Amino acid sequence: MTKPKKAASLSFSKEVRDVVGRLIWECEEEQSVAPGSNNSVPRLDFVMAQENLSVVLHSQGDLRLENRPVPEPGPNEVLLQMHSVGICGSDVHYWQHGRIGDFVVTKPMVLGHEASGRVVKVGSAVKHLKAGDRVAIEPGVPREMDEFFKNGRYNLSPTIFFCATPPDDGNLCRYYKHSANFCYKLPDNVTFEEGALIEPLSVGIHACRRAGVSLGSTVFICGAGPIGLVCLLVAKAMGASKVVITDLFPERLTVAKELGADFQLTVKRGDGPQQLAKSVEDLLGAQPHITIECTGVESSIQSAIYATRQAVWWCWCLGFEMANVPLTAKAWPMAIAMLAPAWFALRDDQSQLTARPGERSPAIAHMYMGVSCPVRSRNMAAGMVFMWI
Ligand SMILES: NC(=O)c1ccc[n+]([C@@H]2O[C@H](COP(=O)([O-])OP(=O)(O)OC[C@H]3O[C@@H](n4cnc5c(N)ncnc54)[C@H](O)[C@@H]3O)[C@@H](O)[C@H]2O)c1
Ligand SMILES: [Zn+2]
């Protein structure tokens, strides 16, 4: 049993890296395979431990590493030995602020929702998975067949289970059980780390699909954080002819350029939205067809509105006053298909999209899920700003 750790300050780097870095390191050691053995063959006898070391957030600033019981999967569930879990901006936000919008940490909660792992036990009714399978985990599982579910928009269901969203536990732990239907088998050439990044990638896919990116689209992406970058990758993969991307930090734009952005625009604090919109138009030779807002910053949202031609405005944002909802529905099979042939590589760079366990630099993958509302709203459907102006 490891001594619980209490975060002394809000600085991310040391506390979380110490706690999470050690957990990931230990997971990695546990899953090591016999020398010379085929790497794809798990040593289940060796890896099943009695302890379930978990990263648990008790309240704002109080993050602990503690043991929890190894869960028993229900008939339609699988027990997973976790391998890779991204540290999302929302995990950091819950830790630092104890809440995101109306989701408040009122009881201890395991963090983590960008994850992959290996099946170690299957429920009696599970047919498509078996022990040893490597899977990516879709963190949102609908609890009921409500109106959203019936319309194929289960991600908007108000009662959805969602990893590491109060009160639901996440999977930054050694053993975790999940609905088998929301575990996706990884092809052999997709790594566990890539599997963990399918969640943020699916956000980019969902955004580009909803915004209607297609062959020849011109796209303006506000913000070159992890979400802006996955939107960029997906927009180019979907045939966007030109993409212009903004950020406050030139180094983030350098990464965006390496990933295929046609134009990069450094924004200075205080730049007027109309002025910025004009710069975007000048770069593209016309106003963009589509704008995808990936900063959540008010001035950037304003620029998005001014800049866009028709306009499709997709906005994601995060804050205490905002409605929050996961937006990853139905993008998973496509995300896996994109990774399988190494269509494009998710890279490990300054933007910290991923980090290998041994490097002890768990990623701030992205500020998870928030959604989209320049006006304050508790209504999830209304909170999805998808405006055709
Ligand atoms: N709906 C979902 O499922 C979902 C999932 C993930 C993230 N999100 C949201 O997407 C947004 C982006 O997430 P992220 O993880 O990439 O966040 P991030 O904070 O890492 O990146 C945001 C980027 O925007 C840049 N930026 C800030 N102000 C700017 C401005 N005025 N103009 C241009 N760039 C500016 C920052 O420098 C940063 O690089 C957040 O609002 C987050 O809540 C939504
Ligand atoms: Zn996330």
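## Helix α3

In this predicted model, the buried residues of α3 are G89, S90, D91, V92, H93, Y94, W95 and Q96. The helix is thus mostly covered, with 8 of its 9 residues buried. After α3 comes G98, which has a positive phi near 75 degrees.

## The open sheet

An open sheet is built from 5 strands in the order β11-β3-β7-β8-β12, and their pairing is antiparallel. The edges are taken by β11 (175–179) and β12 (183–185); each has a single partner strand, so one side of each lacks a neighbour in the sheet. From one strand to the next, the twist averages 45 degrees.

Within the sheet, β7 (residues 114–122) and β8 (residues 134–137) run antiparallel and are joined by 4 bridges. Across this pair, S116 of the sheet stands opposite A136 in β8.

## Nonpolar cores

In soluble globular proteins, nonpolar side chains tend to be buried together. Here the largest nonpolar core has 37 residues. Those with the most contacts inside this core are V78, L80, L111, L129 and Y176. Two or more residues each come from β1 (52–59), β2 (62–68), β3 (77–86), α3 (89–97), β6 (109–110), β7 and β8.

Y176 can be followed in detail. Leaving aside its neighbours within four places in sequence, Y176 is in contact with P71, V78, L79, L80, M82, I137, F161, C163, D169, G170 and N171. Two of these partners, V78 and L80, are also listed with Y176 among the residues with the most contacts inside the largest core.

## Cysteines

A disulfide is a covalent bond between the sulfur atoms of two cysteines. How many disulfides does the model contain? With a cut-off of 2.5 Å between cysteine sulfur atoms, the count comes to 0.

Is C173 buried or exposed? C173 is buried, with a relative accessible area of 5%; the cut-off for buried is under 20%.

How values were computed. Residues are numbered from 1 along each chain as its sequence is written. Chains are lettered from A and ligands numbered from 1 in the order in which they are written. This is a predicted model: local features need pLDDT of at least 70, side-chain atom pairs count only at pLDDT 80 or more; totals for chains, interfaces and linings use all residues. Side-chain values use heavy atoms; hydrogens and water are left out. Two strands pair if DSSP finds at least two bridges between them. Axes are lines fitted to C-alpha atoms, for helices over the stretch in contact, and angles run from 0 to 180 degrees between N-to-C directions. A nonpolar core is a set of buried Ala, Val, Leu, Ile, Met, Phe, Trp, Tyr and Cys residues joined through side-chain atoms within 4.5 Å. Buried means under 20% relative accessible area, exposed over 50%, partly exposed in between (1.4 Å probe, protein chains only). Contact means heavy atoms within 4.5 Å.
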